[in-house]
Amino acid sequence: MPVSDLKPIDSDPTLPAQADVVVIGAGIVGASTAYYLARKGLRVALLDKGQVGAEQSSRNWGWCRQQNRDEREIPLVIKSLATWDRLAAEIGADAGFRKTGLSFVSDVAADIALWDDWNRMASQYGVPSRTLSAREAQAMTPGCDTKWLGGTTCTTDGSAEPGLATTLIAEAARSHGATIHQECAARGIETSGGRVSGVVTERGVIRTQAVVCAGGAWTSRFCARLGIDLPQANVRGTAFRTSAAPGIIKTPLYTPQFTIRPRLDGSYTVSLNGRGRLEITPRGIKYTRYFLPLLRLRFRGLRFRIGRSFFEGPEALGRWSDDAVSPFERTRVLDPWPDPAIVKEGIEALRAAYPALRDLQVTQAWAGAIDSMPDAIPVISAVGKLPGLVISTGYSGHGFGIGPAAGELTAQLVTGDTPIVDPSPYRYTRLFDGTGGEAPKLF
Ligand SMILES: Cc1cc2nc3c(=O)[nH]c(=O)nc-3n(C[C@H](O)[C@H](O)[C@H](O)COP(=O)(O)OP(=O)(O)OC[C@H]3O[C@@H](n4cnc5c(N)ncnc54)[C@H](O)[C@@H]3O)c2cc1C
């Protein structure tokens with residue numbers, strides 16, 4: 001079921017014949033990239049095969065967190081939290097970001113030991129997260145019957161509204177001159193002299209020397225046709241929203257039994273951490289060897305099956321040509337079915353933990369395809385094989401919070417400006433030359 005609170009946006013009437021940069025994919029990463037490029041005065045065309053923000057970027061929990069991230073993402077996410085904090089003032093619209101703080105609590109001793117180690121590591125970057133004693137964790141969760149052994153909290157983390165954020169950032173990009181084209185799939189890239197010379201869309205060609213591919217779950221399939229290998233796997237994550245609820249839980253909260261975020265409309269977004277469905281697909285089989293270490297770490301939370309995505313969608317095989325309908329037009333919005341077992345388990349766990357929430361109902365459930373990389377950190381990188389192309393993808397379930405700064409970094413890789421952080425951890429080549437490092441233990 002599509003997410004019901006996604007703010008719509010109009011498309012521009014005319015596809016430009018020429019642009020300085022074409023951004024493929026209008027999720028939070030593509031929209032933020034377009035915003036930063038347009039702010040520099042570049043002519044930017046932002047394309048989406050469906051609607052702005054309609055895939056992962058409106059389907060996530062809305063968490064904007066530094067806590068418990070892979071160390072390689074910390075400098076970028078610190079920048080992103082600072083951007084979220086000033087975003088409303090900067091773009092003149094409220095994407096729902098609230099710096100409420102965000103906490104993890106647990107009744108499992110190993111969790112707390114892991115978080116404590118992380119806090120020690122992150123303190124060198126100045127992240128103000130700290131380990132909670134059992135008493136502090138209990139005090140953080142008034143109304144909760146579960147007895148916690150401890151937790152961790154960070155005052156500068158928070159959350160934003162996924163239904164609003166991407167549209168508002170895209171509108172801000174347009175206010176600086178970007179044009180927006182929905183139901184306008186990119187079918188391919190034209191080259192001249194070995195570098196990018198245009199983007200072929202379903203409505204015609206846009207001449208350009210620079211392309212950003214921020215296609216989320218579809219990036220690997222799009223790149224494959226360009227002869228660019230990108231090991232990426234899509235995990236189906238499920239979430240749901242509740243009826244309006246007593247405001248007992250005031251900040252985003254992780255527990256081993258469920259995760260929860262209070263929404264601006266007085267309801268909650270709820271999910272289960274580390275749980276998802278992995279469909280067996282031709283592209284998945286091709287890249288299995290890259291994902292074995294990550295699969296070993298996350299195996300217990302995954303269910304496997306063969307479904308329609310074996311034959312259609314981002315992980316299927318099959319060719320297309322520039323002058324015929326492409327797979328991107330056949331699936332305007334990737335809208336996987338939510339897993340009913342996760343919804344049932346989540347609402348029951350929440351009701352059991354918080355007696356005052358026992359009458360809470362599920363009002364909408366949805367799923368999203370989480371585009372994951374073998375080491376669970378994104379690729380934000382030029383690709384040697386095709387000068388003029390920058391890939392920004394593989395946010396591995398963490399891309400909403402980091403999205404604004406990831407867009408800024410992506411824009412800087414296009415323009416050659418000094419990057420806000422060292423981009424080398426996100427280089428494309430790490431996937432193949434053995435320099436990428438391990439997948440993180442934390443989610
Ligand atoms: C259930 C769930 C919970 C999550 N919770 C969180 C969270 O709490 N915090 C967090 O930080 N992250 C979270 N995430 C992850 C986060 O949502 C993503 O990492 C982030 O939204 C990725 O943004 P994106 O712009 O890269 O991709 P997307 O939002 O998926 O956008 C990609 C866009 O590209 C378009 N596209 C693809 N191919 C083409 C083409 N050929 N032509 C034109 N358009 C194309 C698609 O239509 C799509 O709109 C969650 C994800 C899910 C599914």
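Student: Which residue stands opposite S103 in β14?

Tutor: In this predicted model, S103 of the chain stands opposite L253 in β14. To read a strand pair, take the sense of the pairing and the number of bridges together. β4 and β14 (residues 253-254) are parallel and share 2 bridges.

Student: What is the sense of the pairing between β4 and β6, and how many bridges join them?

Tutor: β4 and β6 (residues 150-154) run antiparallel, joined by 5 bridges. One of the bridge partners is G151 in β6, which pairs with V105.

Student: How many residues of β4 are buried?

Tutor: Burial is read from a count of C-beta neighbours, with 20 or more within 10 Å as the cut-off. In β4 (residues 102-106), 5 of the 5 residues are buried, so the strand is largely enclosed by the rest of the structure. Reading the strand face by face, L102, F104 and S106 are buried on one side, and S103 and V105 are buried on the other. Both faces of β4 are therefore covered.

Student: How far apart are the end C-alpha atoms of α8, and what would a straight helix reach?

Tutor: For a helix, compare the end-to-end span with the straight value. α8 (residues 282-298) has 17 residues, and its end C-alpha atoms are only 21 Å apart, short of the 24 Å that a straight helix would reach at 1.5 Å a residue.

Student: Where does α8 bend, and which proline follows?

Tutor: The bend is at R289 and comes to about 75°; P293 follows within four residues.

Student: Which residues of α8 are buried?

Tutor: They are R283, F291 and R298. The buried residues of α8 pack against α7 (219-224), β13 (233-242) and β18 (302-305).

Student: Where do N68 and E183 lie?

Tutor: N68 is in the loop between β3 (63-64) and α3 (74-91), while E183 is in the loop between β8 (179-181) and β9.

Student: How many helices and strands does the chain have?

Tutor: The chain has 12 helices and 21 strands. Its radius of gyration is 21 Å, close to the 22 Å that the globule rule gives for 443 residues, so the chain is as compact as a globular protein of that length. Along the principal axes, the C-alpha atoms fill a box of roughly 65 × 45 × 40 Å.

Student: What share of the residues is buried, and what share of the contacts joins residues 24 or more positions apart?

Tutor: Buried residues make up 55% of the 443 in the chain. Of the contacts with a separation of 6 or more, 75% are between residues 24 or more positions apart.

Technical notes:
Residues numbered from 1 in each chain as written. Predicted model: local features only at pLDDT ≥ 70, side-chain atom pairs only at ≥ 80, totals over all residues. Rg over C-alpha atoms; globule rule 2.2 N^0.38 Å. Buried ≥ 20, exposed ≤ 12 C-beta atoms within 10 Å, placed from the backbone. Contact = placed C-beta atoms within 7 Å. Expected span 1.5 Å × (residues − 1). Bend = angle between axes of the 7 residues up to and from the residue. Pairing = 2+ DSSP bridges.
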